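Visitor: I am new to this structure and would like to learn how its features are read. Could you take me through them step by step?

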Amino acid sequence: MISRIRGMNDILPPDSILWNRIEAAFRRTVARYGFYEVKTPILEETALFTRSIGDATEIVEKEMYTFEDKGGHSLTLRPEGTASMVRAYIENPETDGDSIARWFYFGPMYRYERPQKGRYREFYQFGAEAFGVAAPEQDAEMMAMAVHFLNEIGIKDVTLKINSLGDNSDRQAYKEKLLEHLRGRESELCEDCKRRMTTNPLRVLDCKQENCIAVAAGAPLIIDSLGPEAGAHFEKVKHTLDGLGIKYVVDPHIVRGLDYYNRSAFEFITENLGAQKAVGGGGRYDALVEQLGGPSTPAVGFAMGVERLIALLKDQGAQSLPSLDFFVIPMGEAAQEYSMKLGARLRSEGLSGEIDCSGRRLKNLFKRAERIGARYTIIIGDQELAEGAANVKNMESKEQQRIALDDIGRSTLK
Ligand code: ATP
Ligand code: MG
């Protein structure tokens, strides 16, 4: 037997029902904000990710599915969505010269991680990107849209945590302060972080190793190194969120796991998923479009993971039972033929249901009616056909009603 690849999942019902609910809620939410979908290939040139996410990040150092194709090109299964969005933005400039684009995506991502609850090698992310606007209101709008989505599906106990990573010059100055703190504590850091001290010291703040977290806890805060412009931007983001009634917590330890962020960085954190605390995150990335060869374009975005949201919804006791309007049990050949036509009529009225064709025993069929969540079961045999009426059983109240065959429909299967 061939089994699925470690860390990759089949999404089966009833989970797929919750899944679709999440996807539909996201699509509804972003539509209200005027965002449109962009679909990009799952495979990209490896350089797209190394140049954007950053050489010294966990993702690029350890987690990418990279291979050579038959032509000798290095390709990578996308580990996240933003890099591809930026590539598409650069390659397909809006024809009317408007640099503003409001895009969203939904699809599978790949990271070679150690599989555990809420952490898989294939997982689904959806996210949104707003290109072309540098104003702090845009950052706040993205955060508000994400919160609006979480409310739409009824997710509770998720906190929006925000921080500012400042501008480039702020980060250069901060790096020095951080290095001062780290020097002399090298022995407490993991091997990766020792190396990161020379390649990218900020990454030490994002390390998941306990010792490194302890060292990072006492480090100076980037928020104390903001220049006046980044500082004013951050204040305006908070002011706008306050005005919208969006609750947030300033967490100066948020740096995000990708290198391209500047100014706003934010995460959606829960305490209900064990070790996997982040259900989503995002931030501003004003340099990335230019860095990947496009015109200088400010941008801000966020991404969320479907699997962790499903786990949260289940944890909250969300129901994901299948449900159908009807289940027809025909007894005999003539009844079967009639039932097929009855099913067609009921479906054309917008009802959903199943007509049994298996001819299994009645007892088993009633079990099936329950399993598929049928609200009504309709038994039709020769006698029912002759009388032109059938017994219709309300599966919840267990009441039976005799209804004329022609009257079975939207008004009677309420
Ligand atoms: P973590 O800190 O948990 O590793 P991350 O910072 O790597 O998360 P992002 O790159 O910000 O995650 O991705 C956004 C969201 O995608 C996460 O908040 C999470 O919901 C989801 N996600 C990331 N990696 C995985 C994974 N391996 N399996 C399932 N979901 C994931
Ligand atoms: Mg990660």
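This is a predicted model: local features need pLDDT of at least 70, side-chain atom pairs count only at pLDDT 80 or more; totals for chains, interfaces and linings use all residues.

Visitor: In what order do the strands of the open sheet of eight strands lie?

Guide: The order is 1-5-6-11-10-9-7-8, and the pairing is mixed. Its edges are strand 1 (36–37) and strand 8, each of which pairs on one side only.

Visitor: How many bridges join strand 7 to strand 8, and how many join strand 7 to strand 9?

Guide: Strand 7 (residues 158–164) and strand 9 (residues 262–270) pair in the antiparallel sense over seven bridges, and K161 has E267 of strand 9 as its bridge partner. Strand 7 and strand 8 (residues 249–250) run parallel and are joined by two bridges, with I162 partnered by V250 in strand 8. Elsewhere in the sheet, strand 5 (residues 101–110) and strand 6 (residues 122–131) are antiparallel over 10 bridges, and R102 stands opposite A130 of strand 6.

Visitor: How should I read a salt bridge, and which residue forms one with D167?

Guide: The term means a side-chain nitrogen of Lys or Arg within 4 Å of a carboxyl oxygen of Asp or Glu, and the structure holds 33 salt bridges. D167 forms one with R263, where the closest N and O atoms are 2.7 Å apart. This pair links distant parts of the chain, since D167 is in the loop between strand 7 and helix 6 (168–182) and R263 is in strand 9, 96 residues apart.

Visitor: Are D167 and R263 buried or exposed?

Guide: Buried means under 20% relative accessible area, exposed means over 50%, and partly exposed lies in between (1.4 Å probe, protein chains only). D167 and R263 are both buried; R263 counts as buried because its relative accessibility is 14%. R263 also has a phi near 50°, a positive value in a residue other than glycine.

Visitor: Which side chain does E387 meet in a salt bridge?

Guide: E387 meets R402, at 2.2 Å from N to O. E387 lies in helix 14 (residues 382–387) and R402 in strand 16, so the pair ties together parts that are 15 residues apart in sequence. Both are partly exposed, E387 with a relative accessible area of 48% and R402 with 38%.

Visitor: Which residues form the positive surface patch?

Guide: Patches are made of residues with over 30% relative accessible area and no salt bridge, like charges being joined within 9 Å and nonpolar side chains (Val, Leu, Ile, Met, Phe, Trp, Tyr) within 5 Å. Lys and Arg count as positive, and the place of a charge is taken as NZ of Lys or CZ of Arg. Here the patch consists of R360, R361, K363, K367 and R371. R371 belongs to helix 13 (residues 362–371) and counts as exposed because its relative accessibility is 54%.

Methods:
Residues are numbered from 1 along each chain as its sequence is written. Chains are lettered from A and ligands numbered from 1 in the order in which they are written. Side-chain values use heavy atoms; hydrogens and water are left out. Accessible areas come from the Shrake-Rupley method with a 1.4 Å probe; for residues, only the protein chains shown count as cover. Helices (H or I, at least four residues) and strands (E, at least two) are DSSP runs, numbered from the N terminus. Two strands pair if DSSP finds at least two bridges between them.
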